[in-house]
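This report describes selected cavities, strands and a helix of a protein model. Please consult the sequence and structure shown next.

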Amino acid sequence: MKKNKKILVTAALPYANGPIHLGHLAGAYLPADIYVRYQRARNRDIIFICGSDEHGVPITIAAERQNVTPQAIVDKYYQIHKDSFEKFGIQFDNYSRTSLKIHHKMSQDIFLKLHGKGYLSEKTTTQFYCEHCDRFLADRYVEGICPFCNHEGARGDQCESCGRSIDQIELIEPHCVTCGNKPVIRETSHWFLNLKHYQHQIRDYLDKQNHWKENVKNFCYGWLNTGLEDRAVTRDLKWGVPVPLPGYEDKVLYVWFDAPIGYISSTIEWSQKIGQPEKWKDYWLDKETRLIHFIGKDNIVFHAIIWPLILMGHGDYVLPSDIPANEFLNLEGNKLSTSKNYAVWLDEYLAKFPPDPLRYCIAVNAPETKDSDFSWKDFQTRNNSELADILGNFVNRTLTFVNKNFDSKIPEAGELDALDQKMLTRIRKTPNRVGNFLENFEVRKALTNLMDLARFANKYFNDQTPWSTIRENPEKCKTTLNICCRVCKSLAILMQPFLPFSAEKLWSILNQEGVVSDCQWDDAAEADFPPGFTINSTAILFEKIEDDQIQPEIDKLKNIIAKRSTEDQPEVSKNNLISYDEFSKVQLRVARVLEAERVEKADKLLKLKIELGDETRQIVAGIAPYYQPSELVGKLIVVVANLEPAKIRGIESNGMLLAASLDDRSRLALVTVDSDITTGAKIK
RNA sequence: CGCGGGGUGGAGCAGCUGGUAGCUCGUUGGGCUCAUAACCCAAAGGCCGGAGGUUCGAAUCCUCCCCCCGCUACCA
């Protein structure tokens, strides 16, 4: 890349309704921070922009549940996020928020511009409207009886009981979540982004991004190939950026539309803060700027398809030049879940451990090409056997040696032997090697190369046996230690993007002026000291982490998993007794399978035609993973004959077959009868 | 079913523009003693999910299949 280009780095705006967890860090913030710190050390013109995303329905719901204003919710999390990032060493140039005026204005301007240029079109849809609350109900604001499973309290987007997604209009006995009244169906109009019409423009743009990661491009092409649908950019809601059009006073911009605009408004806020209010234009209006969005893979569609189209539609701004989206980080083999509290929260982590071991662990195991896993055991091992034993211990053995044997003065080098030369060459080559990987967003490889320098240095120390040469050949010993000290200084500079806190600590032990983060990357290649330079006394760079420190964390996560699986089956575990009357309501009968076939687009469902006495019925059963359709035909099974009919995937099901299964569903066996009895026979 | 990602020594991964399989951790044996019981050396351990095919030659390219994960979906 051209060295003089301006670089504008953004990290996905975190949603202000919950704390930051490991997945967020691994996906976006940490790789972005490492990249930016590195580029700063290279003296590039770079800014790092972020902020919190503070609009949208989930925030209004959280506010109502807690009986506070949405503003109070976002204020709280804005502060938590900001603090956590700071303590974790994520150095944004600006951390803004989308509830600011400046952002509202910017979003409205862009909306109007797109509106004026024909990128938006108005469409009318039907939605529930609560006359009591005087507002349209977003999907999650309306509850009712699930049309599929009759579960009460299903929400307008999805039924928690059967898991199916619901069109809110389909809910039986719908009621407004806030006031309980029955809503009416009303027409409402919204503006849609004409994605369908402009998809060729997007494809052309994507075709040019040859340097993007393959997973990002593939993902986008997948979307394009199935065809894009227009997306609503406005919503019937009060919390958000008001739609700047007459007749739309009670509507706001859909949160996904205004959120990425936050990158621009945050940059504007930054330039105002530094007293150069026009400075933001140097980045956003210069087509040569490299605009780099660090995001998680869940955000690819917005940043690689929709957002570029918004920018193209507007016309003035630079388009994203890189979107190094990461995959997901799992936790102890399971998916992270904010709603189920299955996560390691950054603020909680920071209350117990220092930032750098986590930065290291996540960076060295970053989900760059595929999902990766974080486990506390691995965290401990990486900290103890890598950070402490290899990096920390090398620094410690070197500096302790100098303190004890050379009165804390770095000795001067004499004649160099082959090994010394080799070590020096290594020092010279490592900065560029590490740097090149970082330029390509390959954080793992970069970090591995840094650690290799420390590994090599340990070998060098061993092979030169300074503890012997101090007596037998003091000159040689001095040379060895001089070079080892240079390794330490070099390490401090190279560590800085990854392990900023430890890097500064080492920097001050080495008695260097200022902070390492002001240091030039290339200085790591020489890293020499003036003659007679004195260092400070040493301190441990990385403390070991003991079993009893991580065990509570492991147990905590295990408990959440255990709890989750018992909660899934509350009725069964209650062990309640029922009366005979209750039992007799259930009509169990013998039936014979006449036909069986798979249900299209459903991996678990089979459609069965069964003979039940005189009648023939159709039922749908979720047993496809366990039985082939062909092996079922002719089998005698037991069905619940008086279960009310249900539509499953649009297919009528009149009854339910019985089957035994293990809790984890690893096995399932049909209930059948012992001898060939007439179908329709009752089971009592 | 559809889309996407993946299956490589005990664990976690690299290699995948083809040419006798590599890294880190762990294990075993040895060395050293300056150092956070750290460091260094050596060894054991993989027929690279399965079956075909292309090729002088494939973990690496093509085809089919199996399995895992995510999205989608899903009444035991």
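A cavity is a set of points on a 1 Å grid over the protein atoms alone where a 1.4 Å probe fits but cannot get out, and its lining residues have an atom within 4 Å of a point.

Among the residues lining the largest cavity are Trp345, Tyr349, Phe353, Trp376 and Lys556. Helix H10 (346-352) and helix H18 (547-567) each contribute at least two residues to that lining, which has seven nonpolar, no polar and four charged residues.

## Basis of the model

The model is predicted: local features require pLDDT of at least 70, side-chain atom pairs count only at pLDDT 80 or more, and totals for chains, interfaces and linings use all residues. Residues are numbered from 1 along each chain as its sequence is written, chains are lettered from A and ligands numbered from 1 in the order in which they are written, and side-chain values use heavy atoms, with hydrogens and water left out.

## Strands and sheet

An open antiparallel sheet has four strands in the order E5-E4-E9-E10, with E5 (135-136) and E10 (231-232) at its edges. Strands are DSSP runs of E with at least two residues, helices are runs of H or I with at least four, and both are numbered from the N terminus; two strands pair if DSSP finds at least two bridges between them. E4 (residues 120-130) and E9 (residues 184-193) are joined by 10 bridges, and Thr126 has Glu187 in E9 as its bridge partner.

Elsewhere, E18 (residues 606-612) and E19 (residues 615-621) run antiparallel over seven bridges. Leu606 lies opposite Ala621 in E19. Two residues separate the strands of this hairpin, and Gly613 in the turn has a positive phi of about 65°.

## Helix H1

Helix H1 (residues 22-41) bends by about 40° at Tyr29, with Pro31 following within four residues. The bend is the angle between axes fitted to the seven residues ending at a residue and the seven starting there. Of the 20 residues of H1, 18 are buried, meaning under 20% relative accessible area (1.4 Å probe, protein chains only). Asn43, which follows H1, has a positive phi near 70°.

Key
On a 1 Å grid over the protein atoms alone, a cavity is a set of points where a 1.4 Å probe fits but cannot get out, and a pocket is an open set with protein on both sides within 12 Å along at least five of seven lines; lining residues have an atom within 4 Å of a point. Ala, Val, Leu, Ile, Met, Phe, Trp, Tyr, Cys and Pro count as nonpolar, Asp, Glu, Lys and Arg as charged, and the others, Gly among them, as polar. Buried means under 20% relative accessible area, exposed over 50%, partly exposed in between (1.4 Å probe, protein chains only).
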